[in-house]
Amino acid sequence: MNNIGIWMDKEKAHIVVLAGEQEKMYTLHSEVESFNPKGGAGSKTKWGPQDVVQDSKYLEREKHQLRVYFKRLVNVVKDADAIVLFGPSDTAEKFRKELMERYRPLNTKVRTVVKADSMTDNQVKALVRDFFNG
């Protein structure tokens, strides 16, 4: 039985695969850029020129990069029997939503999404073991 736990944020995903007594851990980096939009009000006069920041461009670019990241994750976990998602941010929820919309057969294998702070590799492994053995 292939039980998989994924601790993920926008930067990387730690994938723990439990197959019987064997345990393997992989790290998948997302390649999602961190965006720092520049611009906005920059004049010393009260009603001087103001730059318009195109947040939609940055958000659309990030959305596309997340979709590529999620597709790579799906290719890694497609043979799972059960999946649990962990993470400090809402990236795990976004991944679950992507599974619901585009990868329905894999979505049925997701047991739960749990909020979890940043952890060491050993803590991630222990969390996944405890979830599936407890």
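The following questions and answers concern a predicted model and the terms used to describe it.

Q: Which residues form one aromatic cluster?
A: The cluster consists of Tyr69, Phe70 and Phe95. Tyr69 and Phe70 are also among the buried residues of helix H1.

Q: Why does phenylalanine 131 count as partly exposed?
A: Buried means under 20% relative accessible area and exposed means over 50%, with partly exposed in between. Phenylalanine 131 has a relative accessibility of 33%, so it counts as partly exposed.

Q: What makes lysine 12 partly exposed?
A: The limit for buried is under 20%. Lysine 12 has a relative accessible area of 21%, and therefore it is partly exposed. This lysine 12 belongs to strand E2. Beyond its neighbours within four places in sequence, lysine 12 is in contact with Trp7, Thr27, Leu28, His29, Ser30 and Tyr69. Lysine 12 and glutamate 31 are 19 residues apart in sequence, while their C-alpha atoms are 8.2 Å apart in space.

Q: What makes strand E3 and strand E5 the edge strands?
A: The open sheet has 5 strands in the order E3-E2-E1-E4-E5, with mixed pairing. Strand E3 (22–29) and strand E5 (110–115) each pair on one side only, and they are the edge strands. From one strand to the next, the twist averages 15 degrees. Helix H4 (residues 121–133) packs on the sheet, where it touches E1, E2, E3, E4 and E5, and its direction makes about 45 degrees with that of E2.

Q: How do you know that strand E4 pairs with E5?
A: Two strands pair if at least two bridges are found between them. Strand E4 (residues 82–87) is joined to E5 by 5 bridges, and the two run parallel. Isoleucine 83 stands opposite valine 110 in E5.

Q: How do you know that the reach of helix H1 is close to what is expected?
A: The expected span is 1.5 Å times one less than the number of residues. Helix H1 (residues 55–77) has 23 residues, for which 33 Å is expected, and its reach from first C-alpha to last is 33 Å.

Q: What covers the buried residues of H1?
A: The cover includes strands E1, E2, E3 and E4, together with helix H2 (91–102) and helix H3 (104–107).

Conventions. Residues are numbered from 1 along each chain as its sequence is written. This is a predicted model: local features need pLDDT of at least 70, side-chain atom pairs count only at pLDDT 80 or more; totals for chains, interfaces and linings use all residues. Side-chain values use heavy atoms; hydrogens and water are left out. Helices (H or I, at least four residues) and strands (E, at least two) are DSSP runs, numbered from the N terminus. Axes are lines fitted to C-alpha atoms, for helices over the stretch in contact, and angles run from 0 to 180 degrees between N-to-C directions. Contact means heavy atoms within 4.5 Å. Buried means under 20% relative accessible area, exposed over 50%, partly exposed in between (1.4 Å probe, protein chains only). Rings of Phe, Tyr and Trp (its six-membered ring) pair if their centres lie within 6.5 Å; planes under 30 degrees apart count as stacked, over 60 as edge-to-face and the rest as tilted.
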